[in-house]
Amino acid sequence: MNFIMQFESLGILVLFLVLLLLLLYYTVFSPRRVLKRMNRLSALRMEVTCLKCGYREVRGVEKGVYVGMVIGKCSRCGGDLVVHSIYAEKISPSERRYIT
Amino acid sequence: MSNQFDYSWIYTALFWLLFIFLLNEINMLRVTLEIEKYLGSIRTIYYTALSKAVQSIKDLVKKYNINVEDRVVEGRVNSIVNSVLINPTDLDPHGIVSKLKHIITVADERLSREIRHILTTVPDDVLENVKSVLSAVRELNYQYKLLDHYYRLGKRFKAIWLLWQLQALMPFYYEQIKAIESAVDAFVNGYPIGDSVGPLVAYKLSLSCEGRSDPIEIAKNTVLIETKYRGRRVLIVKAKGPGSTTGFLDDAMRVIFERYSPISLVITVDAALKLESERSGTVVDAVGVAIGGIGVEKFNIEEIGAKYKVPLYAVLIKMSVSEALSVMTKDVAKAADEAVERVKRIILEHTKEGDTIVVVGVGNTVGVAQ
């Protein structure tokens, strides 16, 4: 009650609240901030696969790798382990409902 | 009756007059501040990308023991980044596609020579990555300068309508610019981008078919892999990886049709822009030629298809602009496997044993070998 009494009238309080809300809207919900949130990426991964037995494994990406590169031998059958795909796991801005 | 004059209406009128003029000024201030924020971010993105490009070339100079001074590298990069491509005149549109192709080919060759002048001994795939990095930085430079131009014009002439339009378009430009920024990182490191999904499908398809031949360079930076699938001959075309190039697919198609005719079916696989309501990585069937860009290759392949009366089918993998230019996302990478199955299904349903089918993996093949 004392806090409200400091203001000359209720109108000034409402004005301040509206200004605060406007400021919040322009700082938090500006299109630039929305875009910034959309562009967040997480770690890069690569899926390696054995051409002989089909064994698959997901690893962190090493520098200089590319899809189709032979990066070693399969621990199971000794066949060539090849990079099958390289991708980044992206954090979506929200779990929206999509039309497929 | 009081003879005192009532001034309150004058104050009210003054307030409203000031309010009307001030409102315009406040609006102008708000709009310019928002545009300035965007431009500031874009400027930072551009300079960061430029320094990354220069640094990556300096690293290559060191790695391959090339005798070039740093200032030569900086000067050359600066000259490439500020260069422009002049489109042919369309006053008489007849034959414009061949003129455009000629200019694009010349621009590509010139860029290669410019970079080769500094990086004399680097392998071709590394050179292609550097070309893409510099092209991306050039695009960032152009977009920044263009947006800044309209901002300065609007501010100088207090053209609020121009500034409003710029403010409305800024989020879309900013998204594109952020995507190009991500592409620079991908090209510097040689990782596949969303647009590489076409070549990725071509690569995966070639592995899953029988009797895979060694890749042959059928046109500049474009390879052909011959395979068999359920009694059909499948000719798989893609840009030559793992360097960053889109190849010359129309030239490759011309050679294939001359050497391997009759062709029963052409299937192009490419990334396509999704609508906001669509999920990334959705695989869609289409009829026609799926090739983006300025349309030269699309035009030429359509011409070949029409000349030989060959059905032109396409498989599209949906993604956003930012996904197309950033490092490939998990959704898109998973969609490549689905697209391979879709291509196989189309081959089985629309051709018979003994037919020859051409599958074209369209897109930038950065980070995807053959």
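Predicted model: local features only at pLDDT ≥ 70, side-chain atom pairs only at ≥ 80, totals over all residues.
In soluble globular proteins, nonpolar side chains tend to be buried together. In the present model, the largest nonpolar core comprises 94 residues, and the members that touch the most others are Leu119(B), Val137(B), Val197(B), Ile267(B), Ile317(B) and Val359(B). The greatest contribution to this core comes from helix α1 of chain B, spanning residues 8–63, which supplies 15 residues. Apart from this core lies another, made up of 23 residues, including Val237(B), Leu249(B), Phe257(B) and Val266(B). The surroundings of Val137(B) may be given in detail: when residues up to four places away in sequence are left out of the count, Val137(B) is in contact with Tyr46(B), Ala49(B), Leu50(B) and Ala53(B), as well as with Val81(B) and Val184(B).

Charged side chains were examined next. Side chains of opposite charge can pair when their charged atoms come close. Over all chains, the count of salt bridges comes to 33. One of the pairs joins Glu69(B) to Arg71(B), with a separation of 3.1 Å between the closest N and O atoms. The two partners fall into separate accessibility classes, since Glu69(B), at a relative accessible area of 48%, is partly exposed, whereas Arg71(B), at 58%, counts as exposed.

A further salt bridge is formed by Arg76(B) and Glu114(B), whose closest N and O atoms are 3.5 Å apart. Because Arg76(B) belongs to helix α2 (residues 70–81) of chain B and Glu114(B) to helix α3 (residues 96–118) of chain B, this pair ties together parts that are 38 residues apart in sequence. With a relative accessibility of 23%, Arg76(B) is classed as partly exposed, while Glu114(B), with a relative accessible area of 15%, is buried, the cut-off for that class being under 20%.

Helix α3 of chain B also takes part in a link between distant parts of the chain, in which Asp108(B), within that helix, is paired with Lys220(B), in the loop between β1 (216–219) and β2 (222–229) of chain B, 112 residues apart. The side chains of Lys220(B) and Asp108(B) meet at an N to O distance of 3.3 Å, and Lys220(B), at 37% relative accessibility, counts as partly exposed.

Beyond these pairs, salt bridges also connect a network of residues, namely Asp285(B), Glu338(B), Arg342(B), Arg345(B) and Glu349(B).

Methods. Residues numbered from 1 in each chain as written. Chains lettered and ligands numbered in written order. Heavy atoms only, no water. Core = buried A, V, L, I, M, F, W, Y, C linked by side-chain atoms within 4.5 Å. Buried < 20%, exposed > 50% of the residue type's maximum accessible area, 1.4 Å probe, protein only. Helix = DSSP H or I, 4+ residues; strand = E, 2+ residues; numbered from the N terminus. Contact = heavy atoms within 4.5 Å. Salt bridge = Lys/Arg side-chain N within 4 Å of Asp/Glu carboxyl O.
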